[in-house]
Amino acid sequence: MQIHSAQFVKGAVSPRGFPNDGPPEVAFAGRSNVGKSSLINMVLGRKSLARTSRRPGKTQEINFYRVNDVVYFVDLPGLGYAKVSKREREAWRRLIASYLDKRPTLQLLFHLIDSRHRPMAVDLELAEMYRGSGVPVIVLATKADKLSGNRRAAAHRTVRDALAEIGLELPIVMTSANTGRGREEILEWIGGLLEVN
């Protein structure tokens with residue numbers, strides 16, 4: 001898949017605000033501050049289309065980006081951000097769970113996990129949300145540029161083993177928003193599963 005065009009369409013805080021014009025959707029999900037918006041910008045070849053911040057919890061709604069006029073990239077709020085109220089965190093969790101479970105146009109999910117750490121409880125909570133959804137899931141191990149070659153290989157095994165412990169066997173792509181690592185693989189997954197060009 002080649003990126004020809006990309007634009008922000010809208011942010012939604014409830015299913016009523018989701019676009020209903022029909023294109024398939026590719027969603028990016030993960031814990032707060034895992035680097036979803038930065039990775040989306042890297043994949044799209046844009047510097048600041050998806051809004052990023054050093055402050056965790058910047059994405060507080062579901063953001064839709066129309067790509068090549070044929071597919072939506074969907075940036076989901078981060079799970080687990082502690083510096084908002086418990087009520088807000090629960091509202092985000094319910095919104096994400098509802099999107100993953102009930103969105104008929106969702107065709108592919110990228111689950112972002114920080115490669116520098118063993119998957120956390122919130123990472124596994126997200127895995128439980130999409131388990132059984134029938135949507136193909138690819139794990140993107142982020143921030144791989146922070147690791148040496150040996151540590152990247154070890155991180156790949158750690159993520160694989162943590163998911164295996166809860167009964168999931170998923171493809172894992174090592175990525176870096178800084179260096180572009182993993183971009184071609186991500187675009188191949190999108191192009192192959194959605195059959196878009």
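Biologist: Which exposed residues sit on the face of H2 turned away from its buried side?

Modeller: Keep in mind that this is a predicted model. A residue is called exposed when its relative accessible area is over 50%. On the face of H2 turned away from the buried side, the exposed residues are Lys86, Arg87, Asp101 and Lys102.

Biologist: And how wide an arc do the buried residues of H2 cover around the axis?

Modeller: The buried ones in H2 are Trp92, Leu95, Ile96, Tyr99 and Leu100. An α-helix has 3.6 residues a turn, so residues three or four places apart point the same way.

Biologist: How far does H2 reach from its first C-alpha to its last?

Modeller: Count the residues to begin with: H2 has 17. At 1.5 Å a residue, the expected reach is 24 Å, and the model comes close to that. From first C-alpha to last, H2 reaches 24 Å.

Biologist: Let's move to H3. Within what arc do its buried residues fall?

Modeller: H3 runs over residues 121–130, and its buried residues are Val122, Asp123, Leu126, Ala127, Met129 and Tyr130. Look down the axis of H3 and you'll find that they line one face of the helix, because they fall within an arc of 155°.

Biologist: Which elements do the buried residues of H3 pack against?

Modeller: One of the partners is a helix, and there are strands too. The helix is H2 (86–102), and the strands are E2 (25–30), E5 (106–114) and E6 (137–142).

Biologist: Which residue just after H3 takes a positive phi?

Modeller: Step just past the end of H3 and check the backbone there. The phi is about 85°, and the residue is Gly132.

Biologist: Now the rings. How are the planes of Phe18 and Tyr99 arranged?

Modeller: Phe18 is in the loop between E1 and E2 and Tyr99 is in helix H2, so to speak a link between distant parts of the chain, 81 residues apart. Both Phe18 and Tyr99 are buried. Their ring centres are 5.7 Å apart, and with planes at 85° the pair is edge-to-face.

Biologist: How far apart are the ring centres of Phe64 and Tyr72?

Modeller: Phe64 is buried, with a relative accessible area of 0%, and Tyr72 is buried at 2%. Their planes are at 80°, so this pair is edge-to-face. Ring pairs join Phe64 and Tyr72 with Phe18 and Tyr99 into a cluster. The ring centres of Phe64 and Tyr72 are 5.9 Å apart.

Biologist: Zooming out, what is the radius of gyration of the chain?

Modeller: The chain has 5 helices and 7 strands, in the order β-β-α-β-β-α-β-α-β-α-β-α. For 197 residues the globule rule gives 16 Å, and the chain comes close to this, so it is as compact as a globular protein of that length. Its radius of gyration is 16 Å.

Biologist: Last one: what percentage of the residues count as buried?

Modeller: Buried means under 20% relative accessible area. Of the 197 residues in the chain, the share that counts as buried is 49%.

How values were computed
Residues are numbered from 1 along each chain as its sequence is written. This is a predicted model: local features need pLDDT of at least 70, side-chain atom pairs count only at pLDDT 80 or more; totals for chains, interfaces and linings use all residues. Side-chain values use heavy atoms; hydrogens and water are left out. Buried means under 20% relative accessible area, exposed over 50%, partly exposed in between (1.4 Å probe, protein chains only). Helices (H or I, at least four residues) and strands (E, at least two) are DSSP runs, numbered from the N terminus. The arc is that of the directions from the helix axis to the C-beta atoms. Contact means heavy atoms within 4.5 Å. The expected span of a helix is 1.5 Å times one less than its number of residues. The radius of gyration is taken over C-alpha atoms; the globule rule is 2.2 Å times the number of residues to the power 0.38. Rings of Phe, Tyr and Trp (its six-membered ring) pair if their centres lie within 6.5 Å; planes under 30 degrees apart count as stacked, over 60 as edge-to-face and the rest as tilted.
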